[in-house]
Amino acid sequence: MHIDTEKFQLPDGTLPEWVLEFDRCAPWLEAALQYSGGTHTLDDVADGVARGLFQLWPGKTSAVITEVITYPRMRVLHYFLAGGKLPELSKMRPDIEAWGKTVGCNRVTLSGRKGWLKSFLKDEGYCEKWSVMAKDL
């Protein structure tokens, strides 16, 4: 699946570089969205990037979407979506987190399926702090 790129066209008819990268990374992001519980579509995520709510981190064989959440007592860099090749995602992590520090984040969080607990993240100091449960109303 790909996004509707026309709505992101610049006045001269060209597309911003992030749109081209987002569209290229769409298959990995779409795969990650399958685990989101229906909260967002790919177009919703693209709109969030366009509005500055989310950050796109494109790799050669993977992609990450983050968001910065400001709570009353801290600012958190939250990994919202990640998909693609684990080795590349592992290499992307330090740069993403360094950027988080530059924008004032003092914590990193992520939500994802249980398999992430067994990935490279456990060797990088990540541990399960809480579980998320849900019920449709």
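## A first look at this predicted model

The side chains of Glu 21 and Arg 24 come together in a salt bridge, 2.8 Å from N to O. Both residues sit in helix 1, three residues apart, which is about one turn of the helix. This is a predicted model, and its salt bridges come to three.

**Salt bridges**
- Arg 24, the partner of Glu 21, is partly exposed, with a relative accessible area of 34%.
- Asp 47 pairs with Lys 7, their closest N and O atoms being 3.1 Å apart.
- Asp 47 belongs to helix 2 and Lys 7 to the segment before helix 1, so this pair ties together parts that are 40 residues apart in sequence.
- Asp 47 is partly exposed at 24% relative accessibility, and Lys 7 is partly exposed at 43%.
- Glu 97 and Arg 93 form a salt bridge of 2.8 Å, N to O; they lie four residues apart in helix 3, and both are buried.

**Nonpolar cores**
- The largest nonpolar core has 19 residues, and those with the most contacts inside it include Phe 22, Leu 29 and Leu 81.
- Helix 1, helix 2 and strands 1, 2 and 3 each supply at least two residues of this core, with helix 1 giving the most, seven residues.
- A second, separate core of eight residues includes Val 64, Leu 77, Tyr 79 and Ile 96.

**A buried serine**
- Ser 62 is in strand 2 and counts as buried, at 0% relative accessibility.
- The side chains of Ser 62 and Glu 88 are joined by a polar contact of 2.5 Å.
- Ser 62 also touches other residues, among them Trp 28, Trp 57 and Met 92.

Notes
Residues numbered from 1 in each chain as written. Predicted model: local features only at pLDDT ≥ 70, side-chain atom pairs only at ≥ 80, totals over all residues. Heavy atoms only, no water. Core = buried A, V, L, I, M, F, W, Y, C linked by side-chain atoms within 4.5 Å. Buried < 20%, exposed > 50% of the residue type's maximum accessible area, 1.4 Å probe, protein only. Polar contact = N/O pair within 3.5 Å; in protein donor to acceptor, adjacent residues only side chain to side chain. Contact = heavy atoms within 4.5 Å. Salt bridge = Lys/Arg side-chain N within 4 Å of Asp/Glu carboxyl O. Lists of a residue's contacts leave out its neighbours within four places in sequence.
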